[in-house]
Amino acid sequence: MSGSVNGPVGVGFIGVGMISDTYLENLASFPDVRVVILGDLDVERAKAQADKHGIAAHGTAEDVLAHPEVQIIVNLTIPAVHAEISSRAIAAGKHVWTEKPIGLDRESTSALLRQAEEAGLRVGVAPDTVLGPGVQTAKRAIERGVIGTPLFAVTSMQWQGPDLIHPNPAFLFARGAGPLFDMGPYYFTALVNLFGPVRSVAALGLKGREERTVKVGPDAGSTFPVEVPSTMQVLTAFEAGQQAQSLLSFDTALSRHGVVEINGTDGTLVIPDPNRFEGRVAYVKPLEKAPTSLADLAAPQEWIEVPQEGVVTGRGLGLLEMARAIHEGRDHRANGAVGYHVLDVMLSAEESAARGEFVTVDSTVAPVPAMPIDFDPFARTLGDAS
């Protein structure tokens, strides 16, 4: 795949679970990509999704890997096999876009990235929500200095847990998941996009219960073990000097998602839920004069709204940006180095919680540039199919 490519990039899926619908719906609206085959362990499920979305072919993972028109493979398998399936895609000569996390350990994940580099192939990693207008508008606002020099961030994702709504929630409480690995990638990827690489972390973790109960679906009433902390509190120190504190919990009756506040020397900026592509961006400035009473101090602050910039889309945006980057011969933004660094941060947090001490994050990553304001997912940039 190079600048000589004419027409949409061929895409194949391995794994067609719940999240595949939103990928397929969005990719169908992007003229620069074309889904040609779906594969799954359950071939009948692959067929059902292919029929539903008008995809010409379906089959096994092997069928997807061997398909001559597939240039990028979308890896939507369970986290435990993300690195394995991505490695198989690279071995088959395909670029790969993988759902988060990129892997579950440093060894297999770094081996995957070396394999891709040696093969001249790309690895793209979710979440791509950070490439949407919400986080990108906030990133540009910070770069313009609307809150002065960024100092620290506060983030929170807390609720009762996915066992409330998921018919098969056990894997979300197993190794490689829990709130840290399931939801943490959204928050830490956003912070890395805004602040740059993390230098060190400290964390505390706990299990609200040792066992959970399935609440919906055919297995409702059955129980399963909780293998990992269902609440994590993480402190991060960034190479550039900023700090952040993050709560990630599946144990609270209070549901509060998407809290991201960036505090700077000249204001506080709130940004959208990093699990969403759009949302409110606004900031408050420090008081200009001392309040005359406690009532004045408690008065509502004036919010300054930041107009959202860019075209709103959904999952698959990162794959599209990667496809265009390959065609143009430039780096893509949601790349394997970012995915590996975020994984390293989360593994370091897990180790910190177990050891009770700060842990240095050994990896680093280059600053991620903002998306161009005029990036149009719905434009045809790769020419007509030959």
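**View 1. Asn 335 in the loop between helix H10 (317–328) and helix H11 (336–355).** Helices (H or I, at least four residues) and strands (E, at least two) are DSSP runs, numbered from the N terminus. The model is predicted, so local features need pLDDT of at least 70 and side-chain atom pairs count only at pLDDT 80 or more, whereas totals for chains, interfaces and linings use all residues. Residues are numbered from 1 along each chain as its sequence is written, and side-chain values use heavy atoms, with hydrogens and water left out. Asn 335 counts as buried because its relative accessibility is 18%; buried means under 20% relative accessible area, exposed over 50%, and partly exposed in between (1.4 Å probe, protein chains only). A polar atom of the Asn 335 side chain lies 2.9 Å from the backbone oxygen of His 332. Leaving aside residues up to four places away in sequence, Asn 335 touches Val 123 and Val 125, where contact means heavy atoms within 4.5 Å.

**View 2. The open sheet of six strands, in the order S3-S2-S1-S4-S5-S6.** The pairing is parallel; two strands pair if DSSP finds at least two bridges between them. Strand S3 (57–59) and strand S6 (123–125) stand at the edges with a single partner strand each, so one side of each is left without a neighbour in the sheet. From one strand to the next, the twist averages 25°. Axes are lines fitted to C-alpha atoms, for helices over the stretch in contact, and angles run from 0 to 180 degrees between N-to-C directions. Helix H2 (residues 43–53) lies across strand S2 (33–39) and S3, and runs at about 165° to S3.

**View 3. Pairing of strand S5 (residues 95–98) with S6.** Three bridges join S5 and S6 in the parallel sense. Trp 97 stands opposite Gly 124 in S6.

**View 4. Gly 318 in helix H10.** Gly 318 counts as buried, because its relative accessibility is 1%. Residues up to four places away in sequence not being counted, Gly 318 touches Trp 97, Asp 128 and Leu 131.

**View 5. Trp 303 in the loop between helix H9 (294–297) and strand S16 (304–305).** With 37% relative accessibility, Trp 303 counts as partly exposed. Beyond residues up to four places away in sequence, which are not counted, Trp 303 touches Thr 268, Val 270, Arg 280, Ala 282, Tyr 283 and Val 284. The C-alpha atoms of Trp 303 and Leu 269 are separated by 9.4 Å, with the two residues 34 residues apart along the chain.

How values were computed
A polar contact is a pair of N or O atoms within 3.5 Å; within protein, one must be able to donate a hydrogen and the other to accept it, and residues adjacent in sequence count only if both atoms are side-chain atoms.
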